[in-house]
Amino acid sequence: MTRSNSSSRFDRRSFLSYSAAAAGISVAKPFASLLAHPNHPRNGRGPSPDYGPLVEAIDETTGLPLLLLPEDFKYLSFGWTRDPMSDGFLTPSAHDGMAAFPAGRGKVHLVRNHEVAEGPDAFGPATLAYDREAGGGTTTLEFDTNRGLVLSAWASISGTVRNCAGGATPWGSWLTCEETTLGPASNNDLTKNHGYIFEVPATGSTMIAGPDPQPFKAMGRFSHEALAIDPATGWVYETEDAGSNSGFYRFRPTTPGVLEDGGVLEMLGIAGVDRADTRTNQTVGEWRDVKWHVIDTPDPAVPTGATSVFSQGRAKGAAVFGKLEGAWYGNGSIYFVASSGGDAGQGQIFEYNPSSHLLRLLFESPSADVLNAPDNLTVSPRGGLVLCEDGDGTEYVHGLTTEGVIFRFIQNNVDLRTIPWNGFNQDYRSSEFAGACYSPDGKWLFVNIQSPGITFAITGPWGSGGI
């Protein structure tokens, strides 16, 4: 079998040794204060009581007040849509999910998704395109954390559709997910089926297991959103964004770390409850045993209706979630977001413990004032959660500390009507945040605003406020 670069760069013995060590680490159990009073989120309508109120902050790149931040934080913007990249191509639009990887001597590589649909042709070199008629993909940027400086940027995979989020691997790559199930049968412009996961290295361009980028079809053909990997096993946990009828999946690879070798795809169910509905009437903090249902046909020729991956799992008794979005591994758990779930329909955050096979509802938004449709998330170096909103009106990034304090940390203030930049001249304050992730040293938070397509690097006194 032809292998991608993952198998040559990835030493399975080292991975398993690391995983065993990681599994043996005793971590503190966070969010105890939150779960002790689940119906009374602390703060939640204002700024952090530790970082302080949000104030207009000047971007060190453009000189424009693009964000509101706590007073002692600073930031710079880069990687705007239409910015020239080092490979001679222009930066594509619709910035979304992202992860940061160490690149030595204070440098990091950011692999960034672009949630572009099937309409435009593929960007970047032709060799990077899975389907030349699809406009999505990823770009990679090198950032110097010591100098606060972008060094280079390049296309790393293209020819995909709606690369919404994805997830970082323990072996140093990014898995980019297509949020679609389109193909030639449903869209005449496309030349290949879509709805898959692709692997992109942190350094260089897409991993190639053949003449073109190859999807991991055993991981499922459905409307993928994000994923997170348990480093103790190499098992991949995947979220589905199919609106109010979404599933949570687990992929058990035949060879940990070598996803092209295939494996088994399963959909989560609640033990003792046939076809459980987690969207409403859930108890915050209650651990529930789960049961995994094997998906017999992970790559259906017709990915809708009764043959869809979701319908297959649901028919066997799997659970339904409301619009699953971001996922991230941290604190020994998999955290994931149901953006439209909850009694108020404003979002839920679930925690799955892969070692005990237990699931609980960690947090549920009681109203849009507290948290309005969370989307991407990441786990901070201090154990808290950073939540990107994709709701209505002005958009925020929220923090949720391990002590149960939820607060607004960043406010979108991108209004270019009076001072255009890069050819953009509209009010973008209602555009969603996405792709939040930290540099490996924990000093920088990177995040995107999807439209007009901007990446930000933010730094400041992190230790004082819980994220």
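## Basis

Strands (E, at least two residues) and helices (H or I, at least four) are DSSP runs, numbered from the N terminus. The model is predicted, so local features need pLDDT of at least 70 and side-chain atom pairs count only at pLDDT 80 or more, while totals for chains, interfaces and linings use all residues. Residues are numbered from 1 along each chain as its sequence is written, and side-chain values use heavy atoms, with hydrogens and water left out.

## The cavity

A cavity is a set of points on a 1 Å grid over the protein atoms alone where a 1.4 Å probe fits but cannot get out; lining residues have an atom within 4 Å of a point. Grid points are joined across faces, edges and corners, and the volume is the space filled by probe spheres set on the points. The count is one cavity of 30 Å³ or more, and the largest cavity has a volume of about 90 Å³.

Its lining has 13 residues, with Met98, Ala165, Trp328, Asn376 and Leu377 nearest the centre. Strands E5, E9, E17, E21 and E25 each supply at least two lining residues; E17 gives the largest share, three. By type, the lining has eight nonpolar residues (Ala, Val, Leu, Ile, Met, Phe, Trp, Tyr, Cys and Pro count as such), five polar and no charged (charged are Asp, Glu, Lys and Arg; polar are the others, Gly among them).

## Backbone features

Most residues other than glycine have a negative phi, and most peptide bonds are trans. The bond from Ser451 to Pro452 is cis, with omega near 15 degrees, and Pro452 is in the loop between E26 and E27.

Arg275 has a positive phi near 50 degrees and Asn281 one of about 55 degrees. Arg275 lies in the loop between E15 and E16, and Asn281 is placed in the loop between E15 and E16. Arg275, at 45%, is partly exposed.

## Salt bridges

There are 15 salt bridges (a side-chain nitrogen of Lys or Arg within 4 Å of a carboxyl oxygen of Asp or Glu). One of them joins Glu115 and Arg162 at 2.7 Å, N to O, and links parts of the chain 47 residues apart. Glu115 is buried at 12%, whereas Arg162 is partly exposed at 30%.

Glu266 and Arg250 also pair, at 2.8 Å, N to O. Glu266 is in E15 and Arg250 in E14, so the pair ties together parts 16 residues apart in sequence. Both residues are buried.

Terms used
1 Å grid on protein atoms, 1.4 Å probe; cavity = no way out; pocket = protein on both sides within 12 Å on 5 of 7 lines; lining within 4 Å. Buried < 20%, exposed > 50% of the residue type's maximum accessible area, 1.4 Å probe, protein only.
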